[in-house]
Amino acid sequence: MDLAKRGGRIILACRDLGRAEAAQREIIEKSGNTNIVTRKMDLSDTRSIREFAELINREEKQVNILINNAGIMMCPYSKTADGFEMQFGVNHLGHFLLTFLLIDLIKRSRPARIINLSSMAHKWGWIQLEDINSERSYHSRRAYGQSKLANILSIRSLAKRLKDTGVTVYAVHPGIVRTELKRHMNLALLISWKIVRPFTKTIVQGAQTSIYCAVEPELETESGGYYSDCKPSSCTRAAKDDEMAQKLWELSCQMLGITWD
């Protein structure tokens, strides 16, 4: 909505086209910007991601801002269409593949920015290189933490690879936002949610740091950082581990069958 009010061409990449079109109508009505389009993409299926990226590369002249916003949290154990643990597959690998498939177009569109929505929940997990799909043991909160940690580590790696290209990248903690993301929480966590709800953010408030990283002129020379409340924020030591970031990058490419130097 914010970017539409600024006059941008907005592409909504969504799994559910019915809900996407409802959002499209609302954005057009409230922003007055009719240049809003919907496209189908399911981040839990690499075929769907590739079909979407092929369409964008064919139809669009430029992509200046890519916001990797989609995600699921603490769901029961399941796997994507390609056999990846669902949270790691959607929250990290899906966005990783999408970024890879669009990167040449994004480079040609410079100046351009890429934003990964991570979370303070990156503190909950670690990268389990030997059991990345949580097949030996699964804990929904730790798996979510692993996926959010991966979002930050991939931004660190991406910043190095995109140095001096005119493309800058950022990881964002949006805050604890009142959305349907909490749908899989157990009873104890739902009770905790009700206690902290007065301190949570509306969706408008939760979008602000993503918007900040997308448009703030002062960030033109900054890349690879982690942001919260529209300013640089601190992350864990694990989120600053460049050796692990490289190992995760290589493993991600291997899992997706891509070569990204």
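How much space lies in the second largest pocket? The volume is about 340 Å³, counted as the space filled by probe spheres set on grid points joined across faces, edges and corners.

## Basis of the model

This is a predicted model, in which local features need pLDDT of at least 70, side-chain atom pairs count only at pLDDT 80 or more, and totals for chains, interfaces and linings use all residues. Residues are numbered from 1 along each chain as its sequence is written, and side-chain values use heavy atoms, without hydrogens and water.

## The second largest pocket

A pocket is an open set of points on a 1 Å grid over the protein atoms alone, where a 1.4 Å probe fits, with protein on both sides within 12 Å along at least five of seven lines; lining residues have an atom within 4 Å of a point. Here the lining comprises 21 residues, and Ala-112, Arg-113, Gly-166, Thr-168 and Glu-220 lie nearest the centre. Two or more residues each come from strand 4 (112-117), strand 5 (167-173) and helix 7 (203-215).

## Helix 4 and its partners

Helix 4 (residues 86-108) packs with helix 5 (residues 140-161) at about 20 degrees, their axes 7 Å apart. The two helices are therefore roughly parallel (angles under 35 degrees).

With helix 8 (residues 242-256), the axis of helix 4 comes within 11 Å and crosses at roughly 85 degrees. This pair is therefore roughly perpendicular (65 to 115 degrees).

Key: Helix = DSSP H or I, 4+ residues; strand = E, 2+ residues; numbered from the N terminus. Axes fitted to C-alpha atoms, helices over the stretch in contact; angles between N-to-C directions. Parallel < 35°, antiparallel > 145°, perpendicular 65-115°, else oblique.
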